[in-house]
Amino acid sequence: MARTDRLMRLMDTLRRLPQPVTAARLAEESGVSLRQLYRDIATLRAGGALIDGAAGVGYTLTEDTSLPPQSFSRLEIEALALAQSGLEQIGDTALIEAGRTAIARIVATLPDAQARQAMHTVLRSWRQQDQRPPVAIDLALLREACWQEFSLEITYRDMQERLTNREIWPLGMSYGEDTLLLLAHCRLRLDFRHFHVSRIETMTRGAESFRPKRVSLLRDYVVGRRNRSASGAQG
């Protein structure tokens, strides 16, 4: 790998991974030895990159507006625009506007040639308009509960039209072709559940915080799903 490409890849890795990130993880992601990584970090610092490092902790990148703007390949620009155009099919106006704003901010930092490429992308996302049931609750509150890890009190009508009151720990949302699903840990069932967001009739903020359990809960959910899939395959 060329030196310039290697350094750009290292900067991208520092931006992408949760910080601080260890030298071992950076070396693995960059495909270089630890010795080479230390040299590349020194080179980036000499070039003006603000990279803090502490033994046993890892490296942290502080973005500096005096540094050259990020560079994207033509295909990366197309991928970003394609992802943003796909939001139009979801129907969540706040999410659509956030995507448009993010793309505009990225384009504003690109060199002129790449900015022109972003204005004339050739890839588009299209499918028939989703027939999603209307959502009655505040999606902004739902997203905030996932991010900030606080419980929600909901009134839910299940697929058999039974109405129940539940406390949940919301973990993430999935946009399917015809529905919006919420993955949560149901405090009533003490297990993971998928809720159709359109079937949540009322929702208020709960009093309980489940921070910092979200990551471990998601890990448990993935492991459990894999185990069930493996058991089904063996059977």
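User: Where is leucine 190 found?

Analyst: Leucine 190 is found in the loop between strand E5 (180–186) and strand E6 (191–196). Helices (H or I, at least four residues) and strands (E, at least two) are DSSP runs, numbered from the N terminus. The model is predicted, so local features need pLDDT of at least 70 and side-chain atom pairs count only at pLDDT 80 or more, while totals for chains, interfaces and linings use all residues. Residues are numbered from 1 along each chain as its sequence is written, and side-chain values use heavy atoms, with hydrogens and water left out.

User: Is leucine 190 buried or exposed?

Analyst: Buried means under 20% relative accessible area, exposed over 50%, and partly exposed in between (1.4 Å probe, protein chains only). Leucine 190 has a relative accessible area of 58%, so it is exposed.

User: Which peptide bonds are cis?

Analyst: Proline 20 belongs to the loop between H1 and H2. Another cis bond joins arginine 211 and proline 212, where omega is about 0°. Proline 212 lies in the loop between E7 and helix H8 (214–234).

User: How should I read the confidence of the prediction?

Analyst: The score is pLDDT, the predictor's confidence in each residue, from 0 to 100. The protein chain averages 86, and 91% of the residues score at least 70.

User: How does one describe two packed helices?

Analyst: Two packed helices are described by the angle between their axes and the distance between the axes. Axes are lines fitted to C-alpha atoms, for helices over the stretch in contact, and angles run from 0 to 180 degrees between N-to-C directions. Angles under 35 degrees count as roughly parallel, over 145 as roughly antiparallel, 65 to 115 as roughly perpendicular and the rest as oblique. The axes of H1 and helix H2 (residues 23–30) come within 10 Å and cross at roughly 125°. H1 is therefore oblique to H2.

User: Which residues make the contact of H1 with H2?

Analyst: Contact means heavy atoms within 4.5 Å. Arg9, Leu10, Thr13, Leu14 and Arg16 of H1 meet Leu26, Glu29 and Ser30 of H2. By class, there are 3 nonpolar, 2 polar and 3 charged residues. Here Ala, Val, Leu, Ile, Met, Phe, Trp, Tyr, Cys and Pro count as nonpolar, Asp, Glu, Lys and Arg as charged, and the others, Gly among them, as polar.

User: At what angle do H2 and helix H3 pack?

Analyst: H2 and helix H3 (residues 34–46) pack at about 95°, with their axes 9 Å apart, which means that H2 is roughly perpendicular to H3. Ala23, Ala24, Leu26 and Ala27 of H2 meet Leu34, Leu37 and Tyr38 of H3. This contact has 7 nonpolar residues, with no polar and no charged ones.

User: How far apart are the axes of H1 and H3?

Analyst: The axes of H1 and H3 are 10 Å apart, at an angle of about 85°. The two helices are therefore roughly perpendicular to each other.

User: Is aspartate 92 buried or exposed?

Analyst: Aspartate 92 has 7% relative accessibility and so counts as buried. Aspartate 92 is placed in the loop between helix H4 (74–86) and H5. Leaving aside neighbours within four places in sequence, aspartate 92 is in contact with Leu139, Arg143 and Tyr175.

User: What does glycine 206 contact?

Analyst: Apart from neighbours within four places in sequence, glycine 206 is in contact with Ser151, Leu152 and Glu153. Glycine 206 lies in strand E7 (residues 200–209) and is buried, with a relative accessible area of 13%.
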